[in-house]
Amino acid sequence: MRTILIENKLSLKTYQHLFFDLDHTLWDYDRNVHESLSELHDVYQLINCGIESPEKFIQSFYNVNFKLWALYDVGKIDKDSLRENRFKLVFENAGADPNLVPKLMEEDFMHRTSSKPHVLPYTFEILDYLQPNYGLHIISNGFNESQAKKMMASGLTPYFDLVITSETTGHKKPDPRIFQYALDKLRIKNTDTIMIGDNPNSDILGAIRANIDNVYFDPHQKGIEHQPTYTIRHLKELENLL
């Protein structure tokens with residue numbers, strides 16, 4: 001446990017536990033997904049389906065996947081709908097016939113991607129620095145099985161005591177109930193913890209709604225309309241805060 005001075009405040013603030021997002025915050029989603037999609041393009045010979053390059057396949061995936069997850073986060077589609085329709089929509093976006101989507105592509109994609117080991121810069125350095133002094137926990141909107149595989153494949157599992165997912169709780173960030181679920185499981189108060197994540201809405205707005213201090217991880221300097229407690233550009237900056 002460390003005591004830190006909150007910027008522009010006179011009182012000292014003590015944290016005992018840290019909540020981390022997983023994808024895009026610790027686990028390198030973009031690199032792992034890029035590798036998996038490139039492999040799928042080759043394995044399934046998607047050039048024969050009219051998707052001439054891995055780059056086009058990857059761009060079409062991003063065009064579709066972000067929108068699907070946005071719908072999932074607000075409860076407009078469920079897990080099954082997301083997975084059943086994802087690559088059909090990707091093919092359509094790429095100008096290919098959605099009826100040509102290989103039957104096992106979604107399952108193959110999930111297995112390949114979840115098995116990738118890449119994490120973002122300074123991940124292990126900062127976790128090694130923080131673990132002796134704090135309880136470390138994950139709060140994620142991802143699915144149970146895939147998040148567990150990602151953490152195991154990347155070596156993150158030993159660092160975290162509690163992994164909370166929207167699938168387990170029935171509530172998705174930014175719903176404050178997923179944060180309250182974590183607080184209740186740990187038997188701590190909202191003032192005992194801080195949330196660290198990259199998503200302005202699910203992570204930062206969610207923490208604000210739950211009255212939890214927060215750190216906005218913004219490596220690409222995208223900015224944010226909400227007012228985070230802190231903003232960092234790389235994970236090592238957490239050493240200056242915690």
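Guide: Gladly! Let us begin with one term: a salt bridge is a side-chain nitrogen of Lys or Arg within 4 Å of a carboxyl oxygen of Asp or Glu. Please keep in mind that this is a predicted model.

Visitor: Why is the pair lysine 79 and glutamate 167 called a salt bridge?

Guide: The side chains of lysine 79 and glutamate 167 meet with 3.0 Å from N to O. The cut-off is 4 Å, so a pair at 3.0 Å counts as a salt bridge. Between domain 1 and domain 2 the count is one salt bridge.

Visitor: What makes up domain 1 and domain 2?

Guide: The domain assignment gives 17–28 + 119–240 for domain 1 and 30–115 for domain 2. Their centres, taken over C-alpha atoms, are 26 Å apart.

Visitor: How do you know that domain 1 and domain 2 are in contact?

Guide: Contact means heavy atoms within 4.5 Å. By that rule, 14 residues of domain 1 are in contact with 14 residues of domain 2. The two domains bury about 1300 Å² between them, with 54% of it on carbon and sulfur atoms. On the side of domain 1, Asp28, Phe143 and Lys172 lose the most area to domain 2, together 46% of what that side buries.

Visitor: How many residue pairs are in polar contact across the interface of domain 1 and domain 2?

Guide: The rule finds six such residue pairs. Helix H6 (144–154) and helix H7 (166–169) are the elements that give two or more residues to the side of domain 1 that touches domain 2. H6 gives the most, with four residues. By class, this side of domain 1 has three nonpolar, five polar and six charged residues.

Visitor: Now to a single residue. Why is histidine 137 called buried?

Guide: Histidine 137 has a relative accessible area of 2%. Buried means under 20%, so histidine 137, at 2%, is called buried.

Visitor: Where does histidine 137 lie, and which residues is histidine 137 in contact with?

Guide: Histidine 137 lies in strand S4, residues 135–140. Leaving aside neighbours within four places in sequence, its contacts include Phe19, Phe20, Phe160 and Leu186. Histidine 137 and leucine 22 are 115 residues apart in sequence, and 9.8 Å separate them in space, C-alpha to C-alpha. A polar atom of the histidine 137 side chain also lies 3.5 Å from the backbone oxygen of glycine 135.

Conventions:
Residues numbered from 1 in each chain as written. Predicted model: local features only at pLDDT ≥ 70, side-chain atom pairs only at ≥ 80, totals over all residues. Heavy atoms only, no water. Domains from an automatic or database assignment. Buried area = accessible area lost by both parts, 1.4 Å probe. Polar contact = N/O pair within 3.5 Å; in protein donor to acceptor, adjacent residues only side chain to side chain. Nonpolar A, V, L, I, M, F, W, Y, C, P; charged D, E, K, R; others polar. Buried < 20%, exposed > 50% of the residue type's maximum accessible area, 1.4 Å probe, protein only.
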